[in-house]
Amino acid sequence: MIQTEKFKRVPEHIGIIPDGNRRWALDHELEKHEGYAHGVDPGMRLVELCAAYGVKEATFYAFTVDNTKRAQTQIQAYTQACINAVQAAANLDYNIMALGNRDSKFFPPELYDYANTRVSYGKGVLNLNFLVNYSWKWDLSQLGEAGVSAANVEKGIASRDIPRMDMIIRWGGRRRLSGFLPVQSVYSDFYVVEDYWPDFKDEHFLDALRWYQDCDVTLGG
């Protein structure tokens, strides 16, 4: 049971960059690849918090095409962690999608049923997206082929079913987007947690919501 704090404003869509798994592993005298498995339970806890506080959509930056340049042990570990996270969320009250390049060998077959399509479970209280083998180049690659105008760019990208993000939270202290949904992040407020992702605490999320209360959301107007 989650005892919710009252907030006047709650972002409808939160982007999540769960960074710092490898650094956390080294700090705990583990191999780099061993850190990823410790990020699954924090992810499920954050999803529970999002649903409890009325967030309508959450998007996790699971792994990117650039990440596939890492050591094979790391590729296997973060891929398995991603599979475990999606399977842990399945059959709960969420609408799940795994967005990314399904045609690549790096897209796990275990997630084909969720590939670029939304699968609904139960009450569907939260849209839950995982970016799997994602890159911004792949996302935008269809624009030229479709002849989409700049005014309608949101309709021509591969991630068109994911709406604009109100807030992005990044763990691990880094202050960069790393190619995270460039169209949807254009007006996102950006909150950084210094702690590594496997050290997730409820207070990280609550501090982000408290900070968001004073954000001036003008969308450029």
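Colleague: Where does arginine 118 lie?

Modeller: This is a predicted model, and in it arginine 118 belongs to the loop between strand 3 and strand 4.

Colleague: What is its relative accessible area?

Modeller: Arginine 118 has a relative accessible area of 26%, so it counts as partly exposed.

Colleague: Which residues does arginine 118 contact, leaving aside its neighbours within four places in sequence?

Modeller: With those neighbours set aside, the contacts of arginine 118 are Glu57, Asn95, Ile96, Met97, Asn127, Leu128, Asn129 and Asp161.

Colleague: What is the phi of asparagine 91?

Modeller: Asparagine 91 has a positive phi of about 70°, and it is not a glycine either. This residue is in the loop between helix 3 and strand 3 (94-99).

Colleague: Is asparagine 91 buried or exposed?

Modeller: Asparagine 91 is exposed, since its relative accessible area is 65% and the cut-off for that class is over 50%.

Colleague: Let us change topic. How many helices and strands are in the chain?

Modeller: The chain has 7 helices and 7 strands. In sequence order they give the pattern β-α-α-β-α-β-β-β-α-α-α-β-β-α. The radius of gyration is 17 Å, close to the 17 Å of the globule rule for 221 residues, so the chain is as compact as a globular protein of that length.

Colleague: What does the C-alpha trace span along its principal axes?

Modeller: The C-alpha trace spans about 50 × 45 × 35 Å along those axes. Of the 221 residues, 48% are buried. Among contacts between residues at least 6 apart in sequence, 69% join residues at least 24 apart.

Colleague: Which residues have the most contacts inside the largest nonpolar core?

Modeller: That core has 51 residues, and those with the most contacts inside it are Leu46, Ile96, Leu128, Ile169 and Phe205. Helix 3 (residues 72-89) gives the most to this core, with 9 residues. Another core lies apart from it and has 13 residues, among them Ile17, Leu99, Ile168 and Phe180.

Colleague: What surrounds isoleucine 169, beyond its neighbours within four places in sequence?

Modeller: Isoleucine 169 is in contact with Ile14, Gly15, Ile16, Ile17, Tyr191, Val193, Phe205 and Ala208, once those neighbours are left aside.

Colleague: Phe205 has now come up in both lists. Which residues of helix 7 are buried?

Modeller: In helix 7 (residues 202-212), the buried residues are His204, Phe205, Leu206, Ala208, Leu209 and Tyr212. They pack against strand 1 (13-17), helix 2, strand 6 (167-171) and strand 7 (189-193).

Colleague: Now the largest pocket. How much space lies in it?

Modeller: About 880 Å³. The lining of the pocket has 37 residues, and Pro18, Asp19, Ala62, Asn67 and Arg70 are the closest to its centre.

Colleague: Which element supplies the largest share of the lining of the largest pocket?

Modeller: Strand 2 does, with 5 residues. Helix 1 (21-27), helix 2 (40-52), strand 2, helix 3 and strand 5 (126-134) each supply at least two residues. By type, the lining divides into 19 nonpolar, 9 polar and 9 charged residues.

Technical notes. Residues are numbered from 1 along each chain as its sequence is written. This is a predicted model: local features need pLDDT of at least 70, side-chain atom pairs count only at pLDDT 80 or more; totals for chains, interfaces and linings use all residues. Side-chain values use heavy atoms; hydrogens and water are left out. A nonpolar core is a set of buried Ala, Val, Leu, Ile, Met, Phe, Trp, Tyr and Cys residues joined through side-chain atoms within 4.5 Å. Buried means under 20% relative accessible area, exposed over 50%, partly exposed in between (1.4 Å probe, protein chains only). Helices (H or I, at least four residues) and strands (E, at least two) are DSSP runs, numbered from the N terminus. Contact means heavy atoms within 4.5 Å. On a 1 Å grid over the protein atoms alone, a cavity is a set of points where a 1.4 Å probe fits but cannot get out, and a pocket is an open set with protein on both sides within 12 Å along at least five of seven lines; lining residues have an atom within 4 Å of a point. Grid points are joined across faces, edges and corners, and a volume is the space filled by probe spheres set on the points. Ala, Val, Leu, Ile, Met, Phe, Trp, Tyr, Cys and Pro count as nonpolar, Asp, Glu, Lys and Arg as charged, and the others, Gly among them, as polar. The radius of gyration is taken over C-alpha atoms; the globule rule is 2.2 Å times the number of residues to the power 0.38.
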